[in-house]
Amino acid sequence: MSTPYGELLIALRPEICLVGGALAVLAVDLPKNSRSAQARLHLSVALGLLALATAYAWNLSAGVPGPLFGGVLTLDMLGQATRAGVLGLAVLTLGITAGTSRLRHPAELVAMILLATAGFTLMAVAQQLLLAFLALESASLSLYVLAGFDKTRPESAEAGLKYFLFGGVSAAFLLFGFSLIYGLTGSIELPVISAQLALTGPSPLLVVALVMILVGFGYKAAAAPFHLWAPDVYEGAPAPSAALIASASKLAGLALFVRLLWPGLGAASGNLSGAAGWLPVVAMISGASILLGNFAALAQRNVRRLLAYSAIAHAGALLLGVIAAGLIGPGALYYYALTYGLATVGAFGVIAVVERSGRCQDITDLAGLRARSPLLAGCLFVFVLSLAGIPPLAGFVGKFVVFTGALQMGGIASPAGWLAVLAIALSAVALYYYLVILKQALVVAPAKGAAPIKVPAPAALALLGAAALIVLFGVWPSLLLGLFQ
Amino acid sequence: MSPLQICLLLSSLLFCIGLVGVLSRGSAILVLLGVELMLNAANINFIAFWRYGPNPDAGTGIVFVLFSIAAAAAEAAVGFALVIAVYRHQRNIRLQEANRLKG
């Protein structure tokens with residue numbers, strides 16, 4: 001049997017392109033040059049955008065769908081769509097970076113963003129535990145560096161270290177869980193694992209393995225009770241890094257998670273009415289995240305920490321989407337994760353632009369944004385309302401498809417139904433803290449001496465693009481949902 | 001007790017020692033050591049399951065371990081870089097003093 005390396009090369013062109021792009025960005029910036037930091041940043045971002053665009057084009061023509069290279073990776077709709085979504089979110093992050101970054105090493109920043117994106121795209125197509133672990137690690141390692149990238153601020157270094165320590169422990173849990181799965185089934189390929197588990201049935205060791213894997217992924221999705229890193233990282237990391245951590249990383253992580261759980265460990269899912277398996281555990285994590293995220297967000301004064309707790313609440317809803325994916329497929333989950341990512345990138349983009357002309361940590365730092373920059377205030381309006389789930393924006397449709405999926409699982413009087421009702425009820429609580437942000441931005445008068453904010457062109461383009469996509473996907477959801485029909 | 005069971009006991013013990021180290025130590029480097037112990041516990045599992053498993057000819061476990069050792073090395077490099085970044089600001093690496101971010 002000859003190994004089909006040619007096939008692999010064609011399927012992995014997007015990743016090759018991203019890694020090549022990262023090296024090219026570093027190489028162009030390497031010679032000692034007299035260009036200003038601003039020019040170097042723009043050159044790096046232009047190269048980075050070129051790499052992302054090429055990767056996107058190659059992802060569209062990635063070849064025949066189906067398992068590749070002996071089942072190591074698989075090209076299916078979830079994988080292709082997640083790749084495309086991750087690349088799009090990375091483009092928006094680069095746009096924000098070009099407009100706002102004043103960091104000292106622009107080429108390295110862009111290269112790290114590209115390397116992290118390569119990890120995300122691999123996570124989207126991995127169908128084997130080894131590739132899944134390596135993709136997750138390479139993406140995470142880049143994100144740790146990005147979180148600690150601003151060496152001048154102690155907060156950034158601290159955020160990076162905390163993110164790293166939590167991430168390292170969760171990676172160890174994940175690897176230990178994978179090793180037990182390998183021991184139980186003798187394979188690391190998801191289809192074989194699935195067949196073996198269906199044959200052997202539940203065992204105590206399998207329960208240990210499942211719990212360990214869920215700890216690892218709960219951390220990745222920032223779900224309670226593994227959320228402790230999220231507020232600190234969102235607060236301390238540079239705004240473009242926080243945008244990438246909050247959006248693309250979530251989308252890729254959930255795509256990998258849903259692929260691992262349903263096609264891989266589906267035989268060990270148990271059910272929500274008491275049989276042991278991972279479904280009851282995911283349901284508990286989901287409920288805890290929805291409760292903790294929404295109530296803790298009410299107490300926040302720092303806008304970044306508020307976004308972090310809102311991210312935890314959204315992680316709960318996304319895990320509900322993972323549960324529902326067994327019945328309605330991953331389409332609803334993908335739609336929710338992507339549109340949530342767009343809104344979060346946008347919100348962090350607005351924070352990044354405001355930060356150019358002063359502090360932007362407390363919610364009151366946004367006061368009078370409408371007078372200081374109507375463009376920023378308008379974009380923030382769209383992003384925050386989409387996060388809150390107001391129709392006709394994409395956030396509403398995302399919540400709608402996920403919650404109806406959960407309700408279909410057993411009606412309103414089943415555990416999934418209770419979770420959906422809990423999430424819907426707490427959306428009303430969430431509306432309060434989202435409106436607090438909007439009140440500061442749109443109603444309150446600006447502080448004395450607050451100058452108008454000039455929005456740099458690349459950042460303005462990225463913010464307008466994100467807002468336009470949210471409205472577009474909101475009024476025409478079948479653009480994304482139709483892909484999975 | 002079969003050799004596989006002894007290996008699994010050893011790896012579980014290592015994992016627990018690592019976890020206790022992570023949770024109880026105040027120095028960032030000792031926490032990092034704990035994480036490495038936990039990763040290596042998983043590696044022992046892979047080797048044991050490969051060696052005493054139904055088909056040791058496939059070599060799956062040993063390949064997985066080679067890659068995961070490489071990943072752990074990369075992780076240690078990034079970790080020490082971040083420890084140095086924190087050291088530059090607070091002149092020590094005690095995690096109790098890394099508490100600027102809270103709310």
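Predicted model: local features only at pLDDT ≥ 70, side-chain atom pairs only at ≥ 80, totals over all residues.
1. **The A–B contact.** Chain B puts 35 residues into the contact, and chain A puts in 36. On the chain B side, α1 (3–24), α2 (28–51) and α3 (60–90) each supply at least two residues. α3(B) gives the most, with 16 residues.

2. The side of chain B that touches chain A has 23 nonpolar residues. Another ten are polar, and two are charged.

3. **α3(B) on its own.** This helix has 31 residues. From first C-alpha to last it reaches 45 Å, close to the 45 Å expected at 1.5 Å a residue. Just after the helix comes B:Arg91, which takes a positive phi of about 60°.

4. **How α3(B) meets chain A.** Two packed helices are described by the angle between their axes and the distance between the axes. Helix α7 (residues 154–185) of chain A packs with α3(B) at an angle of about 165°, and the axes are 9 Å apart. An angle over 145 degrees counts as roughly antiparallel, so α7(A) is roughly antiparallel to α3(B). Their crossing is left-handed.

5. **Residues at that crossing.** From α7(A), the contact includes A:Pro154, A:Leu161, A:Phe164, A:Leu175 and A:Tyr182. Glycines of α7(A) also take part, namely A:Gly160 and A:Gly168. From α3(B), the residues include B:Ser68, B:Val78, B:Leu82, B:Val86 and B:His89. B:Gly61 and B:Gly79 are also among them.

6. **Helix α12(A).** α12 (residues 248–264) of chain A has 17 residues. At 1.5 Å a residue, the helix should span 24 Å; its end C-alpha atoms are 23 Å apart, which agrees.

7. **A:Leu143.** This residue is found in helix α6 (residues 129–147) of chain A. A:Leu143 has 28 C-beta neighbours inside 10 Å; the cut-off for buried is 20 or more, so A:Leu143 counts as buried. Leaving aside neighbours within four places in sequence, its contacts are A:Ala116, A:Ile245 and A:Ser249. A:Ala352 lies 209 residues from A:Leu143 in sequence, and the two are 18 Å apart in space, C-alpha to C-alpha.

Key
Residues numbered from 1 in each chain as written. Chains lettered and ligands numbered in written order. Contact = placed C-beta atoms within 7 Å. Helix = DSSP H or I, 4+ residues; strand = E, 2+ residues; numbered from the N terminus. Nonpolar A, V, L, I, M, F, W, Y, C, P; charged D, E, K, R; others polar. Expected span 1.5 Å × (residues − 1). Axes fitted to C-alpha atoms, helices over the stretch in contact; angles between N-to-C directions. Parallel < 35°, antiparallel > 145°, perpendicular 65-115°, else oblique. Left-handed = near helix turned anticlockwise from the far one by under 90°. Buried ≥ 20, exposed ≤ 12 C-beta atoms within 10 Å, placed from the backbone.
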